[in-house]
Number of protein chains: 2
Amino acid sequence: MSTDTAPEPAEQPPGNGPTPELPAAVQRLWGDAAPRRRGPKPALSAAQIVQAAMDLADAEGLAAVSMARVAEAVGYTPMALYRHVSGKDELLVLMSDAVARDLPELPAGLDWRAGLEAWTRAQIDMGLDRPWFLDLPLSAVLPGPHRMRWMDQAFGALRSIDLPADEKLAIIGLLAQHVLGEARVHVESHRAAVQRVRREAGLPDGTPESELDPAAIEAAAPYADFEAVLARYAAPAVYPHLFESFSTWTGTVEAAPGADDVTFGITVVLDGVEAYLRRRGAIPDDES
Amino acid sequence: MSTDTAPEPAEQPPGNGPTPELPAAVQRLWGDAAPRRRGPKPALSAAQIVQAAMDLADAEGLAAVSMARVAEAVGYTPMALYRHVSGKDELLVLMSDAVARDLPELPAGLDWRAGLEAWTRAQIDMGLDRPWFLDLPLSAVLPGPHRMRWMDQAFGALRSIDLPADEKLAIIGLLAQHVLGEARVHVESHRAAVQRVRREAGLPDGTPESELDPAAIEAAAPYADFEAVLARYAAPAVYPHLFESFSTWTGTVEAAPGADDVTFGITVVLDGVEAYLRRRGAIPDDES
DNA sequence: GGTAACTGTTTATGTCCTACGCGCTTTAGT
DNA sequence: ACTAAAGCGCGTAGGACATAAACAGTTACC
């Protein structure tokens, strides 16, 4: 579950001058450390720590990742961690790049649109698998080797598009943003559904999801709270357009024909990208 | 700075049955409290607390908002706050809705696209003004009176579009997501630029932004770190597409003609929405 | 062999959030 | 008017957290 076959930190090019002005966490990310060997062999390693932290986050969420708990998980005292990681912030940075390790290799030979779609979907799926990633502060998401590899795949999908690098970067950045938002919304609406089922069943807040009826969770309408608020509190005079739109609301969400939420978002954004590419003359007008 | 002229909680309709299954925080948000009047007049109020918390967050960021500091700001002991707010979580919920109070009223008479664009821009601007909003957990963003009002305006922009409510909601949700992402990226890249200037000037991490050269911050290229990592660590064999794209990279970001990042994102997303509306036959094909 | 570097640990500090219980103030009900 | 209860603000205290500083043991180089 943790064999690191992905890009190893490139052999440190020696003649690149002194360490440039990069955040310390980035340097650690790329294995840029003074290879001093004097004291005892470290029994612990940053990789172990990161792995333990990720296991914890997978099992109990990011909030469960405290230095104390991670230390306990690897069998050392909390302060031992600080020999391998400068602090909790850096640990989060390392976790954030390690997540990108498990992103798949995209199939070759896709056109730009199919490629970007696969790229986006894979990331959303990852966000749903590891919701704690969405709780990371953006400052913990720095360009590490694995994330860079993933970026490389995105540029690969745009290989045939003739556009300056910065514009490609803007497009990819937009998609990356969308991914975060989409996954966040899904995770959060799932949490809300679980919470709602708990409330309706009169169970305490802490009840683990595993004790609830999965069907009930599935059935909990995504906008149930929204709707309930509208019905209970909102005065039609204050929210005229909402009332007008929802007057015909059936309660059942029948999304656009044959499309789930994820598809809807991806399609809309990619349609926008396509329009942009057309406008820039980067793809022919007749392409599907 | 805090006159609440916006929608007051609608007069509690008495015959609506018992309090339905809604999160307690939502009920507080709509002023749904048992109007018991027995004890002393409260000297403190939830509104004061929220205001103080927001001032603190504006000045020093969300991390500075602790119960202790808020209590200090309003001149009471920390525990006094718990009489008016169930806990910190609820305080964050109240803050999140209060933020939406300061969103502007959109000009009437805009077509759907101009309306949604204004709606989106206003929210992004708010995110840049109050970056702490972006640090709130999504679970703190619940439908309160002010946020609902803002939703109403979005539906107002789509007034003339003939589409079921759930599809409109999906569109608006997509934009809301985009807003969060866009603002987050801007705020974070600003922070990164500040940090970079600090590093290059050799100043300690805590140096306040006000002591730095604004021009230098402005000049710090947004992708500087990315580029530096590429140049320093990444092996061309591992990241072929990145290297290919950036081989002609000039270092200067000359975004798409006459468009800043925000415009780029909005345009792309709205183009996607427009394509969707066309496909659904909700707007005529010949419209600009 | 001496020493310097490096390991994991112990101890301690400061900051959080908040459960619990105390006195005091006000109002409802008689 | 009197009483009881409800509501207010506060003090104490406990538990969790990140991490600074000093310490003892271990290894490699000179």
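A polar contact is a pair of N or O atoms within 3.5 Å; inside protein, one of the two has to be able to donate a hydrogen and the other to accept it. Going by that rule, 13 residue pairs, both at pLDDT 80 or more, are in polar contact across the interface of chain B and chain A. Keep in mind that this is a predicted model.

**Where the chains meet**

- Chain B puts 80 residues into the contact, and chain A puts in 79 residues.
- Together the two chains bury about 7,000 Å² between them, and carbon and sulfur atoms give 67% of that area.
- Which helices of chain B each supply at least two residues of the side that touches chain A? They are helix 1 (24-29), helix 7 (145-157), helix 8 (165-201), helix 10 (224-232), helix 11 (240-246) and helix 12 (261-279).
- Helix 8 of chain B gives the most to that side, with 17 residues.
- Sort the residues on the side of chain B that touches chain A by type, and you get 45 nonpolar, 16 polar and 19 charged.

**How the two copies are related**

- Turn chain B by 180°, with a shift of 0.0 Å along the axis, and it can be laid on chain A with an RMSD of 0.1 Å.
- The two copies are therefore related as by a two-fold rotation axis.
- The same surface serves both copies, with 99% of the contact residues of chain B turning up again in chain A.
- If you want to find the axis from chain B, look for B:G272: of the residues of chain B, its C-alpha comes closest to the rotation axis, at 1.9 Å.

**A salt bridge between the chains**

- B:R232 and A:D32 form a salt bridge, and their closest N and O atoms are 3.6 Å apart.
- This pair crosses between chains: B:R232 sits in helix 10 of chain B, while A:D32 sits in the loop between helix 1 (24-29) and helix 2 (46-60) of chain A.
- Are these two partners buried or exposed? B:R232 counts as buried because its relative accessibility is 8%, under the 20% cut-off.
- A:D32 is buried as well, with a relative accessible area of 16%.

**Salt bridges within a chain**

- Over all chains, the structure holds 36 salt bridges.
- In chain A, the side chains of A:D135 and A:R191 meet in one of them, at 3.6 Å from N to O.
- A:D135 lies in helix 6 (residues 132-135) and A:R191 in helix 8 (residues 165-201) of chain A, so the pair ties together parts that are 56 residues apart in sequence.
- A:D135 counts as partly exposed at 40% relative accessibility, and A:R191 counts as partly exposed at 37%.
- In chain B, B:R149 and B:D152 meet in a salt bridge with an N to O distance of 3.3 Å.
- Both B:R149 and B:D152 lie in helix 7 of chain B, 3 residues apart, which is about one turn of the helix.
- B:R149 is partly exposed, with a relative accessible area of 21%, whereas B:D152 counts as buried at 2% relative accessibility.

**A network to look for**

- A:R113, A:D271, A:E274, A:R278 and B:R279 are linked in a network of salt bridges.

Conventions
Residues are numbered from 1 along each chain as its sequence is written. Chains are lettered from A and ligands numbered from 1 in the order in which they are written. This is a predicted model: local features need pLDDT of at least 70, side-chain atom pairs count only at pLDDT 80 or more; totals for chains, interfaces and linings use all residues. Side-chain values use heavy atoms; hydrogens and water are left out. Contact means heavy atoms within 4.5 Å. Buried area is the accessible area (1.4 Å probe) that two parts lose on being put together, summed over both. A polar contact is a pair of N or O atoms within 3.5 Å; within protein, one must be able to donate a hydrogen and the other to accept it, and residues adjacent in sequence count only if both atoms are side-chain atoms. Helices (H or I, at least four residues) and strands (E, at least two) are DSSP runs, numbered from the N terminus. Ala, Val, Leu, Ile, Met, Phe, Trp, Tyr, Cys and Pro count as nonpolar, Asp, Glu, Lys and Arg as charged, and the others, Gly among them, as polar. Copies are superposed by least squares on the C-alpha atoms of residues with pLDDT of at least 70 in both. A salt bridge is a side-chain nitrogen of Lys or Arg within 4 Å of a carboxyl oxygen of Asp or Glu. Buried means under 20% relative accessible area, exposed over 50%, partly exposed in between (1.4 Å probe, protein chains only).
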